[in-house]
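Subject: Structure for your files

Hello,

Here is the structure I said I would pass on. My notes follow below it.

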Amino acid sequence: MYKPLATPLLLLLLVLALGCSGTVLNNSWKNPEYNSKLESVYIICISKEGTTRRSFEDSFNNNLAEAGIVGYVSYRDFPDIGKADKDQVLDKTKAHNASSILVTRLISKNTETVVNPGRTTTYAYGSRYSPTPYYRNYNTYYPRRYETIYEPATVTQYDIATIEANIYDTANGELIWGAQLEMTIEGNQQTMLRDFIKVVTKDLKSKGLI
């Protein structure tokens, strides 16, 4: 179906270099036989953390509403999604007349380390130690005494979450769209959720699903 295109570290470096969203689309796939737009979606976030799950489902629901799509959040039907089997979920989906099911889950979580080596900025004397002109007189040297600067090395660690998102057709159970994304875990949770949903929505639009 779809395969990762880059390692989490490469994606993290891309995010840091561009200063953009903390979520990067790794890869995605759309069923070529599905030619309709999404009309209604039953939203499921597979998470043991209730607050995270509710925030994600509500945020995604609000985003779909802006695109004119009716959404239904699963946490209202299943407070503990881990106790709901596939038939119970499908029954609730049909009860809401939702034409599709969105399922998201965390695949893995890794810690990536980015090392920024230290450096010294100064002026070279040359192979025979021939001081540059301003070194030869105190009056010209002293005002420039800070021009040799040492920047220490820094080591920064980031948590990278790999998240899978799939949308299935309620009628026949076939996969409509699937994607894997990499999210940098840092900052405010709501900001991370907005970034994630923004990336997913952009891909759905590009594939003509919304």
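A search of the whole structure, which is a predicted model, turns up two aromatic pairs. In one of them, the ring centres of Phe-56 and Phe-60 lie 5.5 Å apart and the planes meet at 50 degrees, so this pair counts as tilted; planes would have to be under 30 degrees apart for stacked, or over 60 for edge-to-face.

Both residues sit in helix α2 (residues 50–66), where Phe-56 and Phe-60 are four residues apart and therefore separated by about one helical turn. Phe-56 has a relative accessible area of 5% and is buried. Phe-60 is buried as well, at 2%; the cut-off for buried is under 20%. Ring pairs also bring in Phe-196, giving a cluster of Phe-56, Phe-60 and Phe-196.

Next, helix α3, which covers residues 86–95. Its N-terminal end is capped by Asp-85, with a side-chain oxygen 3.1 Å from the backbone nitrogen of Asp-87. Just after the helix, Asn-97 has a positive phi of about 60 degrees.

Last, the strands. β7 (residues 154–169) and β8 (residues 175–185) pair in the antiparallel sense, with ten bridges.

Regards

Key
Residues numbered from 1 in each chain as written. Predicted model: local features only at pLDDT ≥ 70, side-chain atom pairs only at ≥ 80, totals over all residues. Heavy atoms only, no water. Pairing = 2+ DSSP bridges. Helix = DSSP H or I, 4+ residues; strand = E, 2+ residues; numbered from the N terminus. Polar contact = N/O pair within 3.5 Å; in protein donor to acceptor, adjacent residues only side chain to side chain. Phe/Tyr/Trp six-rings, centres within 6.5 Å; stacked < 30°, edge-to-face > 60°. Buried < 20%, exposed > 50% of the residue type's maximum accessible area, 1.4 Å probe, protein only.
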